[in-house]
Each structure stands twice: as structure tokens, then as C-alpha cells.
Amino acid sequence: MRRSGNRYNHLFADTDLQRQLDTTLHELCTTVDSIPAEHFLNTAHDDLIAYLVEKFSVEQVKLQRDQMSVEATETQVDVSQDHNRWIEDRNRPFYRPGQKIVVHLPFTGEAPLLKAQPSTYTARSPIAEVTGQEIIFTYDIADDVTRDIKNDLDATIAEIEQYLNWQATQIFAHNARLQGAADTAISERRRRLLANTQRLTNLGIPVRTRADAPTTYTIPTVRKKALPTLPVATAAPFEPEPTWAMDQYEHALNVIQQMTLVMERSPSAFSTMDEEALRQHFLVQLNGQFEGRATGETFNLNGKTDILLREGARNAFIAECKFWKGPKKFREAIDQLLGYTAWRDSKTAILVFNRGTATSTVLEGVKDVCELHPNLKRVVNWPHSSGYRYIFHQNGDRNREFLMTVLVFDVPVDAAAS
């Protein structure tokens, strides 16, 4: 292969890959601290994580061998350094007619990785030119030389692929760390900012606004790849709001689910009950566990909710009770719940009473309605035989999220009516 000037260098030899990856992880933490406080606090935690993971993940190089192409032209080949020839003065070019063959090998991923040395490497790395998203191999062959370059090309590509495999182990480990690193950095900064806010609140003195305070945030360009956009923050000033602990939420749901056993053991007692009567039984169980703080049909924001658990002056848990009457009615129950949730990190549930319809049909209907709803942000991995869990956002504000668990209960059918 021809090697002229500085265009043809050893690949995987300019920088240390692990050092680059460690620097990228440090940049993630720096970026978290550089987001203006109000923007940071008014952006959903998981949205920030997703943004940071996308921004600082590393896309490894993958060769596209099926898209290789070649071009050939006539040329004059300098053979002055061919020691199989007798040449009087090797300090001067000596040309022979020949052929230039240029092979283009496209790739996806981040081009700078082709210059980064992995932890495992050989004494002599492959040589090629990197231009844009292509690796270029150039061969100058004199007309009096018989040479099959295919073996040389295949050997060089095999060496490159070996290096990429060595890199892949480190890149995978780096990308796997990002979720946890982002979560930790965001949680720590949020803790600091909330502590600062509380300290100022305790002073009881109006806070002076800086005249030169920035009104917008520009994302610094630190990577040579398409950068994600920082999630849009809520426009209203941030106000700290208490949240209900997940273990309390799970406990409330567990109490509710225990009603399934009660209904199974005494089916005749539940076979003729309507929504209100069933709801009262759930309220009895919840009040037994949460010291009488569960109420039914409570006025709340834009309407009345079926079950409401309060912690002090705050609504900690909201649940709607609905008989299954098809996907349209279930969609209305979600929209009704959207009218009740007006704070961050709300915990909600929809209890679907199923009487006479195949459970699989109800579950499939619930899944379809939830996953097509415009306020859905993401599906939560929550393995459960008779329910699903989702993160929804409130109307008009993607950063005000609420957790919604849907549980389907098979209610005994009235034998006399059937």
C-alpha cells in the first residue's frame, strides 16, 4: 500500500480510548452542574437522564463491508524504494507506468474512535486513511509487477475489525455506566439546590434577582455527533413539593390487591355490588392501614375522584374505580385522572372491575389505550399478571409527571342475573 506524506498513519494509535471515555463521563457530571438551576429543577428527572445518556453515549464503529467500492486509474508509480530493482540513485524518484487502485470502506459510528487505542492492542496497528465516514485503502502497482491485492486488503480489514472488537468491550462498559452516573449526578445536584432553596426560605427575606441572569441555556458542543436537545423545562418558577414514598405507594396497592382474595373467598357477597359499593370495601381496607386518611368521592381540582389518600394538606394517592365498559370508557377514566393531578410526582391508580369479559380481552384493551394515549411518556417495567404501570405527564406540562398503575379485578358474576 502506498504511504505518502501524513495521510497514511497507523490507526488506533493517536489517543488512549479509556482516557477518552473517562473524560466523557466527567463531562456528563460537568454538564449537569452547568444547567441553570430553574431549568434543571423544572425538568423531569428521567427526561434529564435520557438526555444525558443520549448525549454522552459512544457509538462504536461498525464497518459496512457490503457497501465497499473501488476506483482505478492509470498513474506513474515511484519504484525508487523497491530494493528488488537496480536503481542507481534512490534519493530521486524513479517512475514506472502503473495503476492506482483506491478502495472505499464506509462505516457508521464515531470516526475519532479509529484513532483511539484500546486497552488490548498489537505492536503494529493497521494503516489506512480516514476521510469522513470512510476508510480509504490506496494501492499503487507498477505495470511490471504481478500482485493480487485482495489478500492484503482482507488482512488489513481483519486487523481493523479485531481492534474494533477490543474497543467494543470498553465502549459497552462505558455506556452501561451512564444511566447510573447520570442518576447520581442529577440526584446530588437536586439535593443541593433544594437545600439551598430551603435555606433561603427559612430566612424569610425576598430574594434579589440578578440583572445579568441568563434567560436561555445553550448546550456546549463537546462531541462530534448529532447532539440531543436539552428537555424543555416548565415555564413557571420551581416550587418544592413533597412526594409520597414508593414503599407507601406499593403498600397501598398491595392492600388493594388483597381484596382479590376477599372476593374469591366470598363471591356471592360481591356479585351484585356496583362501583360505589365496591369502592367502599377498598376504602375500608385502606383506612385500616393509613389511619383514616382515605376518602371517597372527594372534590379535587376539576372534579371528584373515587379514592383519595392525603398526607397533611397534600393529595398523596389518587385512584379511580371503573367497571370495564370497553376501551372508549377506559380512555375517559384516564382523562378524568388527568384532571385531578396537578403536582409533581403524583401516585395514581385505575382499578378496573371486570364482570363477565375475558380477562385477557380487558388487559389487551387497557394496554392499547394507555400506549396510544398522547400523555404517555413511557412504559414502566412492572411484571404483573393483571396490571400495567406507566408514566404519564399532566396536560400542558411534560415535566409534571405522575405514576399510574392499572389493576384489573375479576368481580364475581351474579348467578341469578345470568
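Residues are called buried under 20% relative accessible area, exposed over 50% and partly exposed in between, with a 1.4 Å probe and protein chains only. By this scale Val380, at 26% relative accessibility, counts as partly exposed.

The structure is a predicted model, in which local features need pLDDT of at least 70 and side-chain atom pairs count only at pLDDT 80 or more, whereas totals for chains, interfaces and linings use all residues. Residues are numbered from 1 along each chain as its sequence is written, and side-chain values use heavy atoms, with hydrogens and water left out.

The protein chain has 418 residues, of which 41% count as buried. Its secondary structure comes to nine helices and 15 strands; helices (H or I, at least four residues) and strands (E, at least two) are DSSP runs, numbered from the N terminus. Contact here means heavy atoms within 4.5 Å. Among contacts between residues at least 6 apart in sequence, 72% join residues at least 24 apart.

Phe12 is found in the loop between strand E1 (9-10) and strand E2 (15-16). Its phi is near 55°, a positive value in a residue other than glycine. Most residues other than glycine have a negative phi. Phe12 counts as buried because its relative accessibility is 1%.

Helix H1 has 18 residues and reaches 25 Å from its first C-alpha to its last, close to the 26 Å expected at 1.5 Å a residue. The expected span is 1.5 Å times one less than the number of residues in the helix. Buried in H1 are Leu17, Leu21, Thr24, Leu25, Leu28, Thr31 and Val32. These residues cover an arc of only 115° around the axis, which puts them on the same side of H1; the arc is that of the directions from the helix axis to the C-beta atoms. The face turned away from the buried side of H1 carries the exposed residues Arg19 and His26.

What does H1 meet in H3? Thr24, Glu27, Leu28, Thr31 and Val32 of H1 are in contact with Tyr51, Leu52, Lys55 and Phe56 of H3. By class, this contact has five nonpolar, two polar and two charged residues. Here Ala, Val, Leu, Ile, Met, Phe, Trp, Tyr, Cys and Pro count as nonpolar, Asp, Glu, Lys and Arg as charged, and the others, Gly among them, as polar. The axes of H1 (residues 17-34) and H3 (residues 45-56) come within 10 Å and cross at roughly 145°. Such axes are lines fitted to C-alpha atoms, for helices over the stretch in contact, and angles run from 0 to 180 degrees between N-to-C directions. In H3, the buried residues are Asp47, Leu48, Ile49, Tyr51, Leu52, Lys55 and Phe56. The twelve residues of H3 should span 16 Å at 1.5 Å a residue, and its end C-alpha atoms are 17 Å apart, which agrees.

Gly339 has its place in the loop between H8 and strand E12 (346-354), and it counts as buried because its relative accessibility is 15%. Gly339 and Asn395 are 56 residues apart in sequence and 8.1 Å apart in space, C-alpha to C-alpha.

Arg355 lies in the loop between E12 and helix H9 (359-372) and, at 29% relative accessibility, counts as partly exposed. Not counting residues up to four places away in sequence, Arg355 touches Phe270, Ser271, Thr272, Met273, Phe323, Val411, Pro412 and Val413. From Arg355 to Val411, 56 residues apart in sequence, the distance is 5.1 Å, C-alpha to C-alpha.

The account now returns to Val380, in the loop between strand E13 (376-379) and strand E14 (387-394). Val380 touches Arg389, Tyr390, Ile391 and Leu403, leaving out residues up to four places away in sequence. The C-alpha atoms of Val380 and Tyr390, ten residues apart along the chain, are separated by 5.1 Å. Arg389 is also touched by Glu250, which is found in helix H5 (residues 246-265). Glu250 counts as partly exposed at 30% relative accessibility.
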